[in-house]
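Subject: Handing over the structure

Dear colleague,

I am passing on the structure that I have been looking through, and below it you will find a description of what was found. Please keep the structure open beside this email as you read.

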Amino acid sequence: MFNSERQAQILSCLEQQNTVSVQALSERLYASPSTIRRDLSELEAQGFLKRIHGGAVLTAGSTFDTPARLRRTQQLAEKQRIAQLASRFLKPSSSYFFDSSSTSAMLARRLADYPDVKIATNGVAILQDMSSSDKVSIISCGGYLRSPWDELTGNIALRAIESMNADFFFFSCAGFSAEQGSMELNDDNVAVKRAFFRKSRKHILLCDSTKFDQRFFYNLFSLSELDYVITDKRPENRLYEELLGNRLIYE
């Protein structure tokens, strides 16, 4: 098991239990206690957790790049609502870029029966889900596989995206604020999304309500760059409606 995958599973355990022991992680991940301690030290240095005697505890307010397996089980009702609202932009004889988010995957599935549609994505789940469709052309952007996150990144992916064009780009984000717009946790992910953005005509953010007023390290796109923001319910902070107007869709 790669270090990144093992550390992602450690964070998954912490997200579920808040506190874990070295012994329990060692048995669950089939790794030596010394390997687990080294992983915990690296994760502590990144601010994800705090080492305690015999284990670790999740840092208060900690946020991390959630592995794809976990993302697919979180906020399902909200994501389904967003996919339903976003489906108004789907039509035959069109081209689409989708990022690797679980919300994008839900929306992409709705294109399976649309004729003359092309999809390009860096999301492994979308490639797998759409592979059985005989109406949709599916294009992988290739690149480096970030395994626990089921996404393709790197220079190969960026070069592939630069050779394509699309009518729509649907994507998600880690956090969204009125001041900073959309934000992300990983710079490789940001680079891919910005490449998709440059090569598409319409840019539509799919953002569930739990991400509003959440701030993260990397800026993605400002509010002025977004054609639409689709969310599952009306934001409590009315400033979003003032700034976005009819570009904000929640019903």
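Let me begin with the charges: the protein chain carries 31 positive and 30 negative charges, and their mean positions are 1 Å apart. Please bear in mind throughout that this is a predicted model, and that the values below were computed from it.

The chain as a whole

The protein chain has ten helices and 15 strands, and its C-alpha trace spans about 60 × 40 × 30 Å along the principal axes. Does its radius of gyration agree or disagree with that of a compact globule? For 251 residues such a globule would have a radius of gyration near 18 Å, and because the protein chain has 19 Å, the two agree.

The nonpolar cores

The largest nonpolar core has 30 residues, and the members that touch the most other members are Phe176, Leu205 and Val229. Several elements each supply at least two residues of this core, namely helix H8 (155–162), strand S9 (166–171), helix H9 (187–198), strand S13 (218–221) and helix H10 (239–244). Which of them gives the most to this core? That is H9, with five residues. To see how one of these members is surrounded, you could look at Leu205, which, not counting residues up to four places away in sequence, touches Phe171, Ser172, Cys173, Phe176, Ser182, Leu226, Tyr228, Val229 and Ile230. Another core lies apart from this one, and its 24 residues include Leu85, Ala105, Phe168 and Leu206.

Residues around helix H3

Leu43 is placed in helix H3 (residues 33–45), and it counts as buried because its relative accessibility is 1%, where the cut-off for buried is under 20%. Once neighbours within four places in sequence are left aside, Leu43 is in contact with Gln7, Ile10, Leu11, Phe48 and Leu49. Of these contacts, Gln7 is 36 residues away from Leu43 in sequence, yet their C-alpha atoms are 7.6 Å apart in space.

Ala31 is found in the loop between helix H2 (22–29) and H3, and at 14% relative accessibility Ala31 also counts as buried. Leaving out residues up to four places away in sequence, Ala31 touches Arg6, Ser26 and Ile36; between Ala31 and Arg6 there are 25 residues in sequence and 9.0 Å from C-alpha to C-alpha.

Thr153 lies in strand S8 (residues 151–153) and is buried, with a relative accessible area of 1%. Apart from neighbours within four places in sequence, Thr153 is in contact with Gly143, Tyr144, Arg146, Asp188, Asn189 and Val192.

Asp150 lies in the loop between strand S7 (144–146) and S8, and at 19% relative accessibility Asp150 counts as buried, so it falls within the cut-off of under 20%. Phi of Asp150 is near 50°, a positive value in a residue other than glycine. Ser93, in the loop between helix H5 (76–86) and strand S4 (95–98), likewise has a positive phi, of about 55°, although it is not a glycine.

Thr210 and Val192 are 18 residues apart along the chain, and their C-alpha atoms are separated by 24 Å.

With best wishes

Technical notes: Residues numbered from 1 in each chain as written. Predicted model: local features only at pLDDT ≥ 70, side-chain atom pairs only at ≥ 80, totals over all residues. Heavy atoms only, no water. Core = buried A, V, L, I, M, F, W, Y, C linked by side-chain atoms within 4.5 Å. Buried < 20%, exposed > 50% of the residue type's maximum accessible area, 1.4 Å probe, protein only. Helix = DSSP H or I, 4+ residues; strand = E, 2+ residues; numbered from the N terminus. Contact = heavy atoms within 4.5 Å. Rg over C-alpha atoms; globule rule 2.2 N^0.38 Å. Lys, Arg positive; Asp, Glu negative; His and termini not counted. Charge placed at Lys NZ, Arg CZ, Asp CG, Glu CD.
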